[in-house]
Amino acid sequence: MGQKINPLGFRLGTTQSHHSLWFAQPKKYSEGLEEDKKIRDCIKNYVQKNIRISSGMEGIARIEIQKRIDLIQIIIYMGFPKLLIEDKPRRVEELQMNVQKELNCVNRKLNIAITRISNPYGDPNILAEFIAGQLKNRVSFRKAMKKAIELTEQANTKGIQVQIAGRIDGKEIARVEWIREGRVPLQTIEAKIDYCSYTVRTIYGVLGIKIWIFVDEE
Amino acid sequence: MAKKSLIYREKKRQKLEKKYHLIRRSLKKEISKIPSLSEKWKIHGKLQSLPRNSAPTRLHRRCFSTGRPRANYRDFGLSGHILREMVQACLLPGATRSSW
């Protein structure tokens, strides 16, 4: 029985870059980490509350944080930023004020930018949220997986693997189902693989979703 | 996930320690300077009238993410489990996995 390593952690330093970019004295490193966590949690909560209700998913692919001595730069990569920005014009300012309040940082300036991803369904986080929504609405799991793979193929990826574990379709006994399309070379370090692990709470119990996407890098 | 009450107890201790830190330190310095024993006793009485939770030895390190009191790394302020998760999720700047 083989165990899978986390593809992101495996590739850190080579094809995978860190989501936080800053330096700190060893003594202050943990303060920086704490700050990062607060920022990310605050942003996710805000987006969850204010996103347009019809979609039901956040659509945040990742949040990158860069820090300088007097500046914190936050870049939010979203699949569908219009759902957030469209309704009210000054969402970003509001979000900025929220984060500022959360951090209590008087000395440092805060800068938030929202970037749209060109291929939303090529990102495993967004795809996982999509599948989660389907499963919550009691769509058949196989249909949901195949639909997800279809969407990803439209997004021009080299390979994708989707795995769902748990009481699938509300069955008595839990099991694991997975589908792979294309190549997913997990052992090759220079192959750029995006990965996400996501949990869904349904009325039957908790399902885990894992998605690996082999990204087309040029 | 630790109980919220325990986490808040720890926060209270941190606050008190910070508040009385200078007083405690100056009293201790005075004790060490004064040669007379009875004077020392008096100052010691003052020291003991401070709240107990303001003593730095009562502090205990807890994971800032989950509140877990054991297996915490001082460098990160996290317990081992959460630390590993965050490393895999690319959230720790500079941290990489060794593989050869």
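Let's start with one pair of residues: Gln73(A) has Asn111(A) in S4(A) as its bridge partner. This is a predicted model, where local features need pLDDT of at least 70, side-chain atom pairs count only at pLDDT 80 or more, and totals for chains, interfaces and linings use all residues. Residues are numbered from 1 along each chain as its sequence is written, chains are lettered from A and ligands numbered from 1 in the order in which they are written, and side-chain values use heavy atoms, leaving out hydrogens and water.

Now zoom out to the strands (DSSP E runs of at least two residues; helices are H or I runs of at least four). Strand S3 (residues 71-78) of chain A runs parallel to S4(A), with 8 bridges between them; strands count as paired if DSSP finds at least two bridges. Both belong to an open, mixed sheet of 4 strands in chain A, ordered S1-S2-S3-S4. At its edges sit S1 (20-21) and S4 (109-116) of chain A, each pairing on one side only. Helix H2 (residues 29-50) of chain A lies across S1, S2 (60-67) and S3 of that chain, at about 145° to S2(A); that angle, on a scale from 0 to 180 degrees, is between N-to-C directions of axes fitted to C-alpha atoms, for helices over the stretch in contact.

Next, Leu135(A). Beyond its neighbours within four places in sequence, Leu135(A) is in contact (heavy atoms within 4.5 Å) with Phe141(A), Ile164(A), Thr202(A), Leu207(A) and Ile209(A).

Finally, chain B: its mean pLDDT (the predictor's confidence in each residue, from 0 to 100) is 85, with 98% of residues at 70 or more.
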